[in-house]
Amino acid sequence: MRDMLEVCEEFFQLPAASKAYMYSEDSQRPNRIFSGTTYDTGGDKYWRDCLRLACPSSFPVGSGTRDDWPHTPQRLRGVVERFTALTRGLGVELLRLLSEAMGIRPDYFEGDISAGDVVLNVNHYPPCPSPEKTLGLPPHCDRNLITLLLQGSVYGLDVAYRGEWIKVEPMPGALVVNFGQQLEVVTNGLLKSVEHRVVTSSTLARTAVATFIMPTPDCLIGPSKEFLAGDKPPCYRTIRFGDFMRMYNTVKLGSSINQTTDLKNIQKKI
């Protein structure tokens with residue numbers, strides 16, 4: 001975890017010209033650098049640079065570096081490879097523990113539902129001259145299954161709780177775990193996806209690494225029969241994960257704390 005944060009900070013400290021070959025506005029390119037957010041926000045801009053890296057879920061440690069990952073700093077590829085494998089393993093174990101706690105078979109979340117590419121967003125938030133005017137990321141819920149976030153040492157993450165934004169102070173050696181929207185759908189709302197945002201600082205840069213565990217694009221996601229009963233009808237439709245990702249891509253900003261598009265309402269429109 002320390003190596004991952006250090007090498008990612010080293011990457012963003014490189015001159016812009018040394019990173020320009022990774023820059024792309026093509027959202028379909030799996031490995032790239034971009035600025036702002038991938039959500040449709042109606043033109044609003046956000047104070048973030050992101051290095052997005054993807055690798056297959058079965059990508060083993062030591063299997064070789066990826067040609068389309070950054071080649072500097074020299075140790076970046078090896079550190080990212082090891083971090084990704086270990087973090088995904090931890091995520092899978094957390095899913096097993098959640099399954100046991102909910103009374104379903106421990107391997108329920110194995111297979112296509114967690115076998116999509118592991119995606120890393122290395123988010124870098126430079127000091128912002130006017131933090132009161134912009135966020136690092138808008139209020140949103142993660143669209144994947146489960147997210148493991150390595151925060152670093154600088155505060156910036158807020159979560160919505162009982163109508164207020166609550167600061168999530170960094171804790172050394174810890175990961176923040178976010179339930180994604182697919183976990184909410186599968187459990188028919190028993191587990192809720194976590195609405196969160198990122199605020200900016202006028203004096204401190206912040207680097208954080210989000211590891212997303214997600215289904216394969218063709219995986220059908222819907223409420224599991226284990227969470228349905230006569231008095232608990234399905235609250236969500238069953239759709240392909242790839243279709244969900246294309247359709248649920250809008251963040252509606254407003255004055256209320258619940259600023260994201262409601263998951264049930266968006267599904268009714270599908």
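Buried here means under 20% relative accessible area, exposed means over 50%, and partly exposed is in between, using a 1.4 Å probe and protein chains only. Strands are DSSP runs of E with at least two residues, helices are runs of H or I with at least four residues, and both are numbered from the N terminus.

This is a predicted model, where local features need pLDDT of at least 70, side-chain atom pairs count only at pLDDT 80 or more, and totals for chains, interfaces and linings use all residues. Residues are numbered from 1 along each chain as its sequence is written, and side-chain values use heavy atoms, with hydrogens and water left out.

Back to β8: its partner is strand β5 (residues 146–150), and the two pair in the antiparallel sense over 4 bridges. Two strands pair if DSSP finds at least two bridges between them. One of these bridges links L148 with V177 in β8.

**The whole chain**

Zooming out, the protein chain has 6 helices and 12 strands. Of its 270 residues, 49% count as buried. Take the contacts between residues at least 6 apart in sequence: 72% of them join residues at least 24 apart. Contact means heavy atoms within 4.5 Å.

Helix α1 (residues 2–13) has 12 residues and reaches 17 Å from its first C-alpha to its last, close to the 16 Å expected at 1.5 Å a residue. That expected span is 1.5 Å times one less than the number of residues in the helix. Buried residues in α1 include M4, L5, V7 and C8, along with F11 and F12.

How many aromatic pairs does the ring rule give? The count comes to 2. The rule covers rings of Phe, Tyr and Trp (its six-membered ring), which pair if their centres lie within 6.5 Å; planes under 30 degrees apart count as stacked, over 60 as edge-to-face and the rest as tilted. Here are the pairs:

| Pair | Centre to centre | Angle between planes | Geometry |
|---|---|---|---|
| F11 and F12 | 5.3 Å | 80 degrees | edge-to-face |
| Y108 and F109 | 5.1 Å | 80 degrees | edge-to-face |

Both F11 and F12 are buried. Y108 is buried too, with a relative accessible area of 16%, and F109 counts as buried at 2% relative accessibility.

**Charges over rings**

R32 lies over the face of F34, at 4.0 Å from the ring centre. The charged end of K167 sits over the ring of Y155, 5.2 Å from its centre. A charge sits over a ring if NZ of Lys or CZ of Arg is within 6 Å of the ring centre and within 35 degrees of the ring normal.

S24 is found in the loop between α2 (16–19) and β1 (32–35). Is S24 buried or exposed? At 11% relative accessibility, S24 counts as buried. Its side chain reaches the backbone nitrogen of D26 at 3.0 Å. Such a polar contact is a pair of N or O atoms within 3.5 Å; within protein, one must be able to donate a hydrogen and the other to accept it, and residues adjacent in sequence count only if both atoms are side-chain atoms. Leaving out residues up to four places away in sequence, S24 touches R29, R32, I33 and F34.

H140 lies in strand β4 (residues 137–140). H140 is buried, with a relative accessible area of 6%, and its side chain reaches the backbone oxygen of P138 at 2.7 Å. H140 and R197 are 57 residues apart along the chain, and their C-alpha atoms are separated by 6.5 Å.

**Backbone details in the loops**

A cis peptide bond joins T72 and P73, with omega about -10 degrees. P73 lies in the loop between β2 (49–55) and α3 (76–102).

Which residue has a positive phi of about 50 degrees although it is not a glycine? That is R162, in the loop between β6 (157–161) and β7 (164–167). R162 counts as exposed at 75% relative accessibility. N188, also not a glycine, has a positive phi of about 55 degrees. N188 lies in the loop between α4 (181–186) and β9 (196–198), and at 11% relative accessibility N188 counts as buried.
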